[in-house]
Amino acid sequence: MKLGITKKVGCVAAAVAAILIAAAPTFGQATQDPAAQQAEEAARLAAQACKPGPVALPTRLQGAPWAETLKQGDYVVHDFHFKSGETLPELKLHYYTLGAPERDASGKVTNAVIIGHGTGGTGRAFLSATFAGVLFGPGQLLDAKHYFIILPDGLGHGCSSKPSNGLHAKFPHYDYDDMVAAQHAVVVDALKVNHLLLVMGTSMGCMHAWVWGETYPDFMEALMPLACQTVPIAGRNRVMRKAVMDAITSDPEYKNGEYSTQTPLHGMIEAEDILLLMGSTALQWQKSYPTRDQADAFLEQREKSGIATTDPNDMLYYFNASRNYNPDPDLEKIKAKVLYINSADDVINPPELGIAEREIKRVKDGKFVLLPITDQTRGHGTHSLPAIWQPYLWELLHSLGR
């Protein structure tokens, strides 16, 4: 189905500058900057309490056309078996949807798109002005009137089952394969979707997209992984993740996961500092915090907000989930068309490694795009700024006949 977007990619790109006025960085803007206010909006969405019924949105988003069909739901998988050998009698999986599925004459769903969030995130975070407001509205690339959009809360995240629900460090040690298997259960069993047009994902969701493509090669038409690599997490990336986990577990007050929730762990300050640097962007931070006092104030604010909204066990588990990620051996198994995007200012996935350029050659129908550093890119957080990369999404959808 066409969405009225018939111009060449170059014409779309010409409009990007205007859209970027409203684009929010994931990291690094001063609080008086409208872009930062929108980023904070996305963070507030992700941190909202889990309640059934209509999804609460900020006032300025409540009238958005894409919000008309917004729903949330829970699906419980009984006796879920993890790759670690552990089991959970009931695994609750939360999700959000927009739009409605469409089927062809054979009953195959033709318009479903799943978008996976990053480490520590939630599906709700995509319901911001800078993501949903750029992609899901009338005439936009993933217009919710024409696409069935699925935004899951990953296992261990958001309103899905996670350690902080009560099991603490006794919660099963899930990995990315478990997380994708759980998402597949939501899609197939809860939503009765038998085919995906597109699997998108940011950061951790990017890695999940590769797992989807290899585990269920006939289940989707295309993959759009944003901000990750296709090899095991090693080198500096692993060191940063291990440092986050060690900061938590080496705190004497961690007590094997039975810490007091009344007193924040000191190790969480270290963990938040490392996480902050992982997503940093030198160009924007230098512009936004040009003095020592401004930089110090930003760090203090981010530490406080991060600690206030993050449970240590949850953080430990979602970083540990990446421990055995490795799609590298099976890239040739991917049948879907792949559009793979990284950003040149991404500290987590630095372009000098050259991994993406090498690996994409092994994908039958794959293309890799490295976004150059500009005033609009925000390091690793560029993955959640569709105003920057939507010309490539247009190209992908157009190649699928949309």
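**Helix packing and a buried strand residue**

User: In this predicted model, are α6 and α10 roughly parallel or roughly antiparallel to each other?
Analyst: The axes of α6 and helix α10 (residues 312-320) cross at roughly 150° and come within 10 Å. Angles over 145 degrees count as roughly antiparallel. The relation of α6 to α10 is therefore roughly antiparallel.

User: How many nonpolar residues are in the contact of α6 with α10?
Analyst: On the α6 side the contact involves Arg241, Val244, Met245, Ile248 and Thr249, and these meet Pro312, Met315, Leu316, Phe319 and Asn320 of α10. Sorted by class, this contact of α6 with α10 has one charged residue, two polar ones, and for the nonpolar class the number is seven.

User: What is the relative accessible area of Met224?
Analyst: Met224 lies in strand β6. Not counting residues up to four places away in sequence, Met224 touches Leu198, Val199, Met200, Gly201, Leu339, Ile341, Trp389, Leu393 and Leu396. Buried means under 20%. Met224 is buried, its relative accessible area being 0%.

Terms used:
Residues numbered from 1 in each chain as written. Predicted model: local features only at pLDDT ≥ 70, side-chain atom pairs only at ≥ 80, totals over all residues. Heavy atoms only, no water. Axes fitted to C-alpha atoms, helices over the stretch in contact; angles between N-to-C directions. Helix = DSSP H or I, 4+ residues; strand = E, 2+ residues; numbered from the N terminus. Parallel < 35°, antiparallel > 145°, perpendicular 65-115°, else oblique. Contact = heavy atoms within 4.5 Å. Nonpolar A, V, L, I, M, F, W, Y, C, P; charged D, E, K, R; others polar. Buried < 20%, exposed > 50% of the residue type's maximum accessible area, 1.4 Å probe, protein only.
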